[in-house]
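Here are my comments on the model you sent. They are arranged by topic, and each point can be checked against the coordinates.

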Amino acid sequence: MNIPRATSMLSRFRYGLAVIATMLLMLHTLPAEAATAAGPGNDVSWPQCGKALPKGQTFGIVGVNNGLANTTNPCLAAELSWAASSTGTTGQPKAALYVNTGNPGSAGSWWPKSNTYGGTTVANPYGQCTGGSFGAACSYMYGYAKAYDDANIRGVSNPGSYTWWLDVETGNSWSADKAANRADLEGMMAYFASIGATSGLYSTSSQWSQIAGTAPASSPLYTARSWLAGASSLASAKRMCAAAPLTGGSRVTLTQYVSGGFDYDYSCV
């Protein structure tokens, strides 16, 4: 049937309006994460000193140390300034920190001999640390001391305002005693908690298992948030959000992948 030209134009106009309305409705009903998908963040430290850092990152995580737990990143101030410029469009803070960890025992340049550090006598859940002992009690104090130093002598202003991630990797020195290694990390978490800061754990499942084993439900490590390394791409990092966390009561809140010589981090929350 032939339709008069004016009627045909009006019909096409009405049809166009209907299509536009449908598209707007579909956009309105998209899940919030799809409508507001944010890009990744980055973590940087001493290897990036003097290099141009990524731009437009949604959050930045800065390494406090220079590769070992008893050192300072020489570019810490500049990199913290970079992190503070993040867009902040994810569930992560604009700027956070990570620290190297380890449990060197007699191989270290310093080892605790008591439960006192930084003018404070620490309530040690593993008992009294004494000279020549490399078990859980002194390992706890070693971790507490390294966290104290990270917060007080590395140049971090207002350390209690940050999230502190504990970088747990086999490249650093560790005891063969996994329980002692867990105590070391618990000591670090205890100090950060004492200044009102939150902390989490960074590792891969294989490295964590080799260093710390299985954290019991009684350990503060059990519910610490997990930041998982080892993804090969952004798509892989997104899928890794559903992977098993490092400890039984934890959840994966960050995943990491490498691209173009930089570490990129995807927020799972």
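This is a predicted model: local features need pLDDT of at least 70, side-chain atom pairs count only at pLDDT 80 or more; totals for chains, interfaces and linings use all residues.

1. Disulfide count and pattern. The structure holds three disulfides. Counting bonded cysteines along the chain, the pairing runs 1-2, 3-4, 5-6.

2. C49 and C75. These two cysteines form a disulfide with an S to S distance of 2.2 Å. The link is right-handed, with 140° about the S-S bond. C49 sits in the loop between β1 (41–44) and β2 (60–63), and C75 in the loop between β2 and α3 (76–84), so the bond ties together parts that are 26 residues apart in sequence. C49 is partly exposed, at 25% relative accessibility.

3. C129 and C138. Here the S to S distance is 2.1 Å. This link is right-handed too, with 100° about the S-S bond. C129 is buried, because its relative accessibility is 0% and the cut-off for buried is under 20%. C138 is likewise buried at 0%.

4. C241 and C268. The sulfur atoms of this disulfide are 1.9 Å apart. The torsion about the S-S bond is about -80°, so the disulfide is left-handed. C241 lies in the loop between α7 (234–240) and β9 (252–259), while C268 lies in the segment after β10 (262–267); the pair therefore ties together parts that are 27 residues apart in sequence. Both ends are partly exposed: C241 has 21% relative accessibility, and C268 has a relative accessible area of 22%.

5. T163. Is this residue buried or exposed? T163 is buried, with a relative accessible area of 11%. Its place is in strand β6 (residues 163–167). Leaving aside neighbours within four places in sequence, T163 is in contact with P93, A96, L97, T198 and R225. With T198 there is also a polar contact: the two side chains are joined at 3.0 Å.

6. Helix α6, buried side. Which residues of α6 (residues 205–212) are buried? They are Q207, W208, I211 and A212. These residues cover an arc of only 100° around the axis, which puts them on the same side of α6. Their cover includes α5 (178–194) and β7 (198–203).

7. Helix α6, other face. Turned away from the buried side is a face that carries the exposed residues S205, S206 and Q210. Take this point together with the previous one when you view the helix. Q207 is on the list of buried residues, whereas S206 is on the exposed face.

8. End of α6. G213 comes just after the helix. This glycine takes a positive phi of about 65°.

9. N158. This residue has a positive phi of about 50°, although it is not a glycine. Where does N158 lie? N158 lies in the loop between α4 (136–152) and β6. N158 is exposed, because its relative accessible area is 56% and the cut-off for exposed is over 50%.

Terms used: Residues are numbered from 1 along each chain as its sequence is written. Side-chain values use heavy atoms; hydrogens and water are left out. Helices (H or I, at least four residues) and strands (E, at least two) are DSSP runs, numbered from the N terminus. Buried means under 20% relative accessible area, exposed over 50%, partly exposed in between (1.4 Å probe, protein chains only). A polar contact is a pair of N or O atoms within 3.5 Å; within protein, one must be able to donate a hydrogen and the other to accept it, and residues adjacent in sequence count only if both atoms are side-chain atoms. Contact means heavy atoms within 4.5 Å. A disulfide is a pair of cysteine sulfur atoms within 2.5 Å. The arc is that of the directions from the helix axis to the C-beta atoms.
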